Amino acid sequence: MVAGRIAAALGVDVTPQLERLSAPLLCLRAIRDRVIPARCTDEMRALKPSAVFVEIDAPHPLLQASPAEAWAHIEPFLDG
């Protein structure tokens, strides 16, 4: 079940939608993520250099593992 979810996540390509996105974008990346490779963030950074990229020392379920640290980046982004 988990393997299927991982395969499904890695099989999604929303590049065209990301290229058309005009709203501000915040990307939180879990440094210890064993599911989504760092290259995915690199690809997003190449497509959307105006986005804000933040790395958090956490595993894949970043919001569950480090909610306070994530919120510390989300709140000012929303206020900005």
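**Close-up 1. R29 and its partner E55.** R29 is a buried residue here, since its relative accessibility is 15% (buried means under 20% relative accessible area, exposed over 50%, partly exposed in between, with a 1.4 Å probe and protein chains only). R29 makes a salt bridge with E55, and the closest N and O atoms sit 3.2 Å apart (a salt bridge is a side-chain nitrogen of Lys or Arg within 4 Å of a carboxyl oxygen of Asp or Glu). Because R29 belongs to strand 1 (residues 26-30) and E55 to strand 2 (residues 52-56), the pair ties together parts that are 26 residues apart in sequence (helices, H or I with at least four residues, and strands, E with at least two, are DSSP runs numbered from the N terminus). E55 itself counts as partly exposed, at 46% relative accessibility.

This is a predicted model, so local features need pLDDT of at least 70 and side-chain atom pairs count only at pLDDT 80 or more, while totals for chains, interfaces and linings use all residues. Residues are numbered from 1 along each chain as its sequence is written, and side-chain values use heavy atoms, with hydrogens and water left out.

**Close-up 2. A loop-to-loop salt bridge, D57 with R32.** For this pair, the closest N and O atoms are 2.8 Å apart. D57 is in the loop between strand 2 and helix 4 (62-65), and R32 is in the loop between strand 1 and helix 3 (38-47), 25 residues apart. D57 is partly exposed at 49% relative accessibility, and R32 is partly exposed at 47%.

**Close-up 3. E43 and R39 within helix 3.** These two form a salt bridge with closest N and O atoms 3.7 Å apart. They are 4 residues apart in the helix, so about one helical turn separates them. E43 is partly exposed at 45%, and R39 is too, at 48%.
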